[in-house]
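Please keep the sequence and the 3D view open while reading.

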Protein chains: 2
Amino acid sequence: MKKKASLSEDCLRNIRAMKDAQDLLSGKWKIAIIGSLHYNERLRFTDLGRHLEGIAPKVLSKELKDLEMNHLLKRTVKNTTPITVEYELTQQGKSLKKVVEAMSNWGVQYRKSIASK
Amino acid sequence: MKKKASLSEDCLRNIRAMKDAQDLLSGKWKIAIIGSLHYNERLRFTDLGRHLEGIAPKVLSKELKDLEMNHLLKRTVKNTTPITVEYELTQQGKSLKKVVEAMSNWGVQYRKSIASK
DNA sequence: CAGAATCCCTGGGGATACTG
DNA sequence: CAGTATCCCCAGGGATTCTG
């Protein structure tokens, strides 16, 4: 016999899922990084920096490592002189498309609604 | 005459929008809070806490204030004894639906893909 | 170019106890 | 019930300089 649980297990599961997502995307830059790669397919370290406006190389480096560890993006060293490195989303990373787009759209919307006040 | 800019203004705009969103939703709990209210319509302080599993009241209180300041949720004091307070999403807050759902779905997906490894 | 090394510092976040 | 009040701590993040 089913009763409505006061705290649906379903609901808790979803909330945990959201927390998971936010944890992996924690920090001030990760979403933006994923977003950049979402719009640009593949980027090099410095180019990525240019997209992010104001991020320090150390921080960028660390964020990239985090994302790589979670298999959201892939790092490729090109054998050129000088050496270049390319970053691109993995399949996992690409699966964030919906999230990235939702946030982007919402952000644009939000700016408008603030501006019109 | 249109030329492809090396750093599309469009792209930067989107990235900024994402940063905006992430800033408003910064911290470990905001998304989860929005999510809870997305699934439950309206909740009281303590109930909200129950959904979030492990959050300290001080922290919850602060997160709620932040969200309220950004007009993402509304606080209502009920004239009961003892006093009760209800939180619910504003229209602004509800507009985050897409974001919340995207993150939730992705989180569930991600858990599976990790578990199956 | 792609980072690593250093130094620094605030504030986000937690634990616990208390109150109207 | 719905929060405050305190105390505390570390890591996220920044600025700058250096290197293979």
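How exposed is A:Lys74? A:Lys74 counts as partly exposed, at 44% relative accessibility. The model is a predicted one, and every value below is computed from it.

## A strand-to-strand pair in chain A

A:Lys74 forms a salt bridge with A:Glu88. The closest N and O atoms are 3.6 Å apart.

Is A:Glu88 buried or exposed? A:Glu88 counts as buried, because its relative accessibility is 14% and the cut-off for buried is under 20%. Both residues also belong to a network of salt bridges, which links A:Arg42, A:Lys74, A:Lys78, A:Glu86 and A:Glu88.

## Other salt bridges

How many salt bridges does the whole structure hold? A search over all chains finds 24. Side chains of opposite charge can pair when their charged atoms come close.

One salt bridge joins the side chains of A:Asp10 and A:Arg13, at 4.0 Å from N to O. Both residues lie in helix H1 (residues 9–24) of chain A. They are three residues apart, about one turn of the helix. A:Asp10 is exposed, with a relative accessible area of 51%. A:Arg13 counts as partly exposed, at 43%.

Another salt bridge joins the side chains of B:Glu53 and A:Arg16, at 3.3 Å from N to O. This pair crosses between chains. B:Glu53 is in the loop between H3 and helix H4 (57–69) of chain B, while A:Arg16 is in helix H1 of chain A. B:Glu53 is partly exposed, with a relative accessible area of 42%. A:Arg16 is partly exposed too, at 28%.

## H6 against H6

Helix H6 (residues 97–115) of chain A meets helix H6 (residues 97–115) of chain B. Their axes come within 8 Å and cross at roughly 165°. H6(A) is therefore roughly antiparallel to H6(B). The crossing of H6(A) and H6(B) is left-handed.

Which residues meet here? From H6(A) come A:Lys98, A:Val99, A:Ala102, A:Met103 and A:Trp106. From H6(B) come B:Lys98, B:Val99, B:Ala102, B:Met103 and B:Trp106. By class, the contact of H6(A) with H6(B) has eight nonpolar, no polar and two charged residues.

## H2 against H3 in chain B

The axes of helix H2 (residues 30–40) and helix H3 (residues 45–52) of chain B come within 10 Å. They cross at roughly 110°, so H2(B) and H3(B) are roughly perpendicular. The crossing of H2(B) and H3(B) is right-handed.

H2(B) contributes B:Ala32, B:Ile33, B:Ser36, B:Leu37 and B:Asn40. H3(B) contributes B:Leu48, B:His51 and B:Leu52. By class, the contact of H2(B) with H3(B) has five nonpolar, three polar and no charged residues.

B:His71 is in the loop between H4 and strand E2 (73–78) of chain B. B:His71 counts as partly exposed, at 44% relative accessibility.

What does B:His71 contact, leaving aside neighbours within four places in sequence? The contacts are A:Lys117, B:Thr90, B:Gln92 and B:Gly93. B:His71 and B:Gly107 are 36 residues apart in sequence and 26 Å apart in space, C-alpha to C-alpha.

Note on methods
Residues numbered from 1 in each chain as written. Chains lettered and ligands numbered in written order. Predicted model: local features only at pLDDT ≥ 70, side-chain atom pairs only at ≥ 80, totals over all residues. Heavy atoms only, no water. Axes fitted to C-alpha atoms, helices over the stretch in contact; angles between N-to-C directions. Helix = DSSP H or I, 4+ residues; strand = E, 2+ residues; numbered from the N terminus. Parallel < 35°, antiparallel > 145°, perpendicular 65-115°, else oblique. Left-handed = near helix turned anticlockwise from the far one by under 90°. Contact = heavy atoms within 4.5 Å. Nonpolar A, V, L, I, M, F, W, Y, C, P; charged D, E, K, R; others polar. Buried < 20%, exposed > 50% of the residue type's maximum accessible area, 1.4 Å probe, protein only.
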